[in-house]
Amino acid sequence: MFAFNAPNVTEIAPDVYRFGLYAPGSDLQFNFFLVRDDQPLLFTTGFRATFPALREAVARVIDPSRIRWVGFSHFESDECGALNLWLEAAPHAEPVCSFVGAAINVNDFANRPPKAMADGEVLATGRYRFRFCSTAQIPHGWDAGLLFEETQRTLLCSDLFHQAGDVEPLTESDLSDRVRAALSRMQGGPLANYIPYNARTGVILGQLADLKPKTLAIMHGSSFTGDGERALRDLAAVMGEQLGDPTSCGSPSR
Ligand SMILES: [Fe+2]
Ligand SMILES: [Fe+2]
């Protein structure tokens, strides 16, 4: 298991809080997001092992027992490993995930049934409205999806825009070089090919770009504020360059 530094808390957009945990051993941040509203929404739960630290960090913003929705992109330990611990800590909380995620994993895994979202379905939490975007296999997993908060145009990106290092919580700078370096590093190591690249990849990233997000809330690396449409189109280009040629895909066995 990773060792983590103490979390830092940054409000990256009004009512959107980023809880940043850095794992020095893997030179990677794990960042989790809370949107403060009448019905607070936590996006990604962290690992079971990071639950105490993350709960303490959330408590700097709201009473954790008030969390109403616990969302995530896909079934993976950093995304939803601590889901049941959050459901215990917040007695009115419900998981929120894709229809596929509910059907294949969460209906069985979670201690309370999830709200299964269809593509385009909206979850209103008070002042804010989260549109569910089905993004199967992006960043990875059949069950993958993302939430887009329409009022402030915040896209909760999960693993998209993955960057290495203990970087700043929020940037306005172009992320392409950092993302290119992170993808290249991953392709050269034992965790290669963690993002499948196929004919749908560019289409889905184009649909996300069409949402014209203003803030990109990023799980691994700095979040971004600025022209999110441009950033997503640039991401599609970098992913095509790094992942689009099957003959150059990294393989630890070669
Ligand atoms: Fe992931
Ligand atoms: Fe992740």
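These legends describe close-up views of a predicted model.

**View 1**
The iron ion (ligand 1) and the iron ion (ligand 2) lie 3.8 Å apart. Asp159 coordinates both.

**View 1. The iron ion (ligand 1) has four protein donors.**
The donors are His74 (NE2), Glu76 (OE), His140 (NE2) and Asp159 (OD). They lie 1.9 to 2.2 Å from the ion. Along the chain, their spacing reads H-x1-E-x63-H-x18-D. The four donor atoms make angles of 87 to 162 degrees, and the site is irregular. His74 is buried, because its relative accessibility is 2%. Glu76 has a relative accessible area of 33%, so Glu76 is partly exposed.

Asp78 and Met219 link distant parts of the chain, 141 residues apart. Asp78 sits in helix H2 (residues 77-80). Met219 sits in the loop between strand S13 (215-218) and strand S14 (223-225). Both Asp78 and Met219 are buried.

**View 2. The largest nonpolar core has 32 residues.**
Those with the most contacts inside this core are Phe19, Leu34, Val58, Ile67, Leu83 and Trp86. Five elements each supply at least two of its residues: strand S2 (16-23), strand S3 (28-35), helix H1 (51-58), helix H3 (83-89) and helix H4 (99-109). Which residues does Val58 contact, leaving aside its neighbours within four places in sequence? They are Phe19, Leu34, Leu42, Pro64, Ile67 and Trp86. A second, separate core has 28 residues. It includes Leu155, Leu183, Leu216 and Ile218. In soluble globular proteins, nonpolar side chains tend to be buried together.

**View 3. Seven strands form an open sheet with mixed pairing.**
The strand order is S8-S9-S10-S11-S13-S14-S12. Strand S8 (122-124) and strand S12 (170-171) stand at the edges. Each has a single partner strand, so one side of each is left without a neighbour in the sheet. S8 pairs with strand S9 (residues 129-134) in the antiparallel sense, over three bridges. Here Val122 stands opposite Arg131 in S9. Helix H7 (residues 228-243) lies across strand S11 (154-158), S13 and S14. The helix runs at about 50 degrees to S13.

**View 4. Strand S10 (residues 145-149) is largely enclosed by the rest of the structure.**
Five of its five residues are buried, which is why the strand counts as enclosed. Gly145, Leu147 and Glu149 point one way from S10, and Leu146 and Phe148 point the other way. S9 and S10 run antiparallel and are joined by five bridges. Arg131 stands opposite Phe148 in that pairing. On to S11: it pairs with S10 in the antiparallel sense over three bridges. Leu155 in S11 is the bridge partner of Phe148. S10 and S11 form a hairpin with four residues between them. In the turn, Arg153 has a positive phi of about 60 degrees.

Pro139 is in the loop between S9 and S10. Ser158 lies in strand S11. Ser158 is buried, because its relative accessibility is 2%. Lys212 is found in the loop between helix H6 (199-210) and S13. At 47% relative accessibility, Lys212 counts as partly exposed.

Definitions and conventions. Residues are numbered from 1 along each chain as its sequence is written. Chains are lettered from A and ligands numbered from 1 in the order in which they are written. This is a predicted model: local features need pLDDT of at least 70, side-chain atom pairs count only at pLDDT 80 or more; totals for chains, interfaces and linings use all residues. Side-chain values use heavy atoms; hydrogens and water are left out. A nonpolar core is a set of buried Ala, Val, Leu, Ile, Met, Phe, Trp, Tyr and Cys residues joined through side-chain atoms within 4.5 Å. Buried means under 20% relative accessible area, exposed over 50%, partly exposed in between (1.4 Å probe, protein chains only). Contact means heavy atoms within 4.5 Å. Donors are N, O and S atoms within 2.8 Å of the metal (3.2 Å for Na, K and Ca); water is not among the atoms, so sites may look incomplete. Four donors count as tetrahedral if all angles lie between 85 and 135 degrees; four count as square planar and six as octahedral if opposite donors are over 155 degrees apart and all others between 65 and 115; anything else is irregular. Two strands pair if DSSP finds at least two bridges between them. Axes are lines fitted to C-alpha atoms, for helices over the stretch in contact, and angles run from 0 to 180 degrees between N-to-C directions.
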